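Subject: the model I promised you

Hi,

Here is the structure I said I would send over.

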Amino acid sequence: QDLGVDYVLEGTVRWEQRADGTSRVRVTPQLIQVSSDAQLWSDRYDRVMEEIFAVQSEIATQVVQQLGIALLQPDRKALEARPTENLQAYQAFLQGKNIMERLAGLFTDLHRAVQMFERAVELDPSFALAWAELSRTHSGLYHWRQDLTEERLTKARQAADKALKLQPDLPAAHVALGYYYYWGRKDYERALEELTLAAKGQKNNADVLEAVGFIRRRQGRWDEAVANLKSAFQLNPLSTLLAGELANTYAGLRKYPEAERYADIAISLAPDLPYGYAGKAQNYLAWKGDTQLARATMERMPETNEPWILFFWVYLDLFEGKYQDALDRLAVIPVETLEDQESFLPKTLMAGLIHGLRSEPELAHDSCDSARKILEKEAQARPRDPRVHASLGLAYACLGRKDKAILEATLATDLYPISRDALGGPGFLQNLALVYAMVGEYDSALDQLDHLLSMPAGPSITVLRIDPNWTSLHDHPRFQKLMEKYR
């Protein structure tokens, strides 16, 4: 009823590992019509394990026949396809896929997924599907800032090319190359060209619809993004990642009830993963400004050592004025720098900002100066990384170096403008607004906030009211007008 399906294929699989090393499998499928609960078809397959792909094809063929569906040649070919003849390679491939399906923000697992896909192609170098997934995972390591080296992108391209050489019409290979252009090169048009090629082979491919949705979101085509992600989720309704991304997309559009709905789905699909709870808690802050509701949601979350989840607790303490609790929590986060797609935040910088809120100027200066040294070194090594320049702007603002603060924060917005990324770009503009507020340029700060509040993925009015970092603007007449304008 939830999924709107008319038929269900269910059954059992029994796998026997014998003492002589052989392995047999018994598969007993049955096709059920939901409306009448009638069994339309059933069978039993007793085979050696090496024939499992043949069993899979036979079951699929029988189901298609029972449903009276006429298949075109490409579809019949797909039913008979065997991704690999090596069962160990296939097992490694499935383990890698399982990691990627359950990622949902736990991006440190990407390295483990790479190991599984590398194992698969080592066991079967002709396993095109595994090469495609290996490419996509390499691109993911770059996108999620686990490895920003050109070498990582080269590996992604080489694996995609290998998949296409082995199987030129493989949709997954074109999807992988699409992610290489999207995640690795921010070349959205080339990425969409590859995804169009993938769709020719499979029009209802959830991976294609998902990728197009993500790209449309970056292009600022939010309605198209929602439509694509919802279509993908219809085809892949057990994807925690898709449910979470739909929640994030609706939150970016400030459609908070819809965001809550999908966050709840993400939690129900994977109650043991933390990111659904964090997304729902963030939604409550943006929507209602209710820290107690957000805290109660986070308290339902399973224990985790993920740095960004721990950091969210720091923000909850800040919003409630519990500055010492925030500092205590910050101290135990198991990394010295919090890093993701749009952030490169040394803990010392955050500590400095908290000391500033506590009116402890000496401690604020010392912490921010420590952060400055780290960030200046990073800026020399990575002069085009907007994340580093954004944080350096905050460090200079904390130290009272007004001109340098504005220069660095502005550079970050120039390096990564909203026109390049409608999802990530607003964060750098918000950082510039905060720098302006910290150095006393209140009108400039309000100019930026007015612009941000008029677009998706900007801050919410509610958070601007409860975040103490914006307190210096609260009594400004223009701030009050913004509260009225965007309430």
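Among contacts in the protein chain between residues at least 6 apart in sequence, 55% link residues at least 24 apart, where contact means heavy atoms within 4.5 Å. Before the rest, some ground rules: this is a predicted model, so local features need pLDDT of at least 70 and side-chain atom pairs count only at pLDDT 80 or more, while totals for chains, interfaces and linings use all residues. Residues are numbered from 1 along each chain as its sequence is written, and side-chain values use heavy atoms, with hydrogens and water left out.

The overall picture

The protein chain has 24 helices and six strands; these are DSSP runs, numbered from the N terminus, with helices (H or I) of at least four residues and strands (E) of at least two. Its radius of gyration is 25 Å, close to the 23 Å that the globule rule gives for 487 residues, so the chain is as compact as a globular protein of that length. That radius is taken over C-alpha atoms, and the rule is 2.2 Å times the number of residues to the power 0.38. Along the principal axes, the C-alpha atoms fill a box of roughly 75 × 50 × 45 Å.

Of the 487 residues, 50% count as buried. For that label I use under 20% relative accessible area, with exposed being over 50% and partly exposed in between (1.4 Å probe, protein chains only). The chain exposes about 23500 Å², and carbon and sulfur atoms supply 48% of that area. Accessible areas come from the Shrake-Rupley method with a 1.4 Å probe; for residues, only the protein chains shown count as cover.

As for charge, the mean positions of the 56 positive and 68 negative charges are 2 Å apart. Lys and Arg count as positive and Asp and Glu as negative, with His and the chain ends not counted. Each charge is placed at NZ of Lys, CZ of Arg, CG of Asp or CD of Glu.

The cores

The largest nonpolar core has 77 residues, and Tyr182 and Leu195 touch the most other members. Helix H7 (residues 171-185) gives the most to this core, with ten residues. A core here is a set of buried Ala, Val, Leu, Ile, Met, Phe, Trp, Tyr and Cys residues joined through side-chain atoms within 4.5 Å. Leaving aside neighbours within four places in sequence, Leu195 is in contact with Val175, Val208, Ala211, Val212 and Ile215. There is also a second, separate core of 69 residues, which includes Ala379, Ala409, Val439 and Leu473.

Helices and what sits in them

Eight of the eleven residues of helix H17 (residues 347-357) are buried, so this helix is largely enclosed by the rest of the structure. Among the buried ones are Leu349, Met350, Leu353 and Ile354. After H17 comes Ser359, with a positive phi near 60°. Leu357 is also one of the residues touched by Asn469, along with Tyr315 and Leu434, not counting residues up to four places away in sequence. Asn469 sits in the loop between helix H23 (461-466) and helix H24 (477-485) and is buried, at a relative accessible area of 16%.

Gln380, in helix H18 (residues 361-381), is exposed, with a relative accessible area of 70%. Glu245, in helix H11 (residues 240-252), counts as buried at 18% relative accessibility. With residues up to four places away in sequence not counted, Glu245 touches Phe214, Arg217 and Leu229.

Positive phi, and a tryptophan

Most residues other than glycine have a negative phi, which makes the next two worth a look. Asp37 has a phi near 60°; it lies in the loop between strand E2 (23-33) and strand E3 (38-42) and is exposed at 61% relative accessibility. Ala457 has a phi near 70°; it lies in the loop between helix H22 (442-453) and H23 and is buried at 18%.

What does Trp41 touch, not counting residues up to four places away in sequence? The answer is Leu9, Pro29, Gln30, Leu31, Ile59, Gln62, Val63 and Gln66. Trp41 is in strand E3 and is buried, with a relative accessible area of 8%. Trp41 and Val63 are 22 residues apart along the chain, and their C-alpha atoms are separated by 8.0 Å.

Cheers
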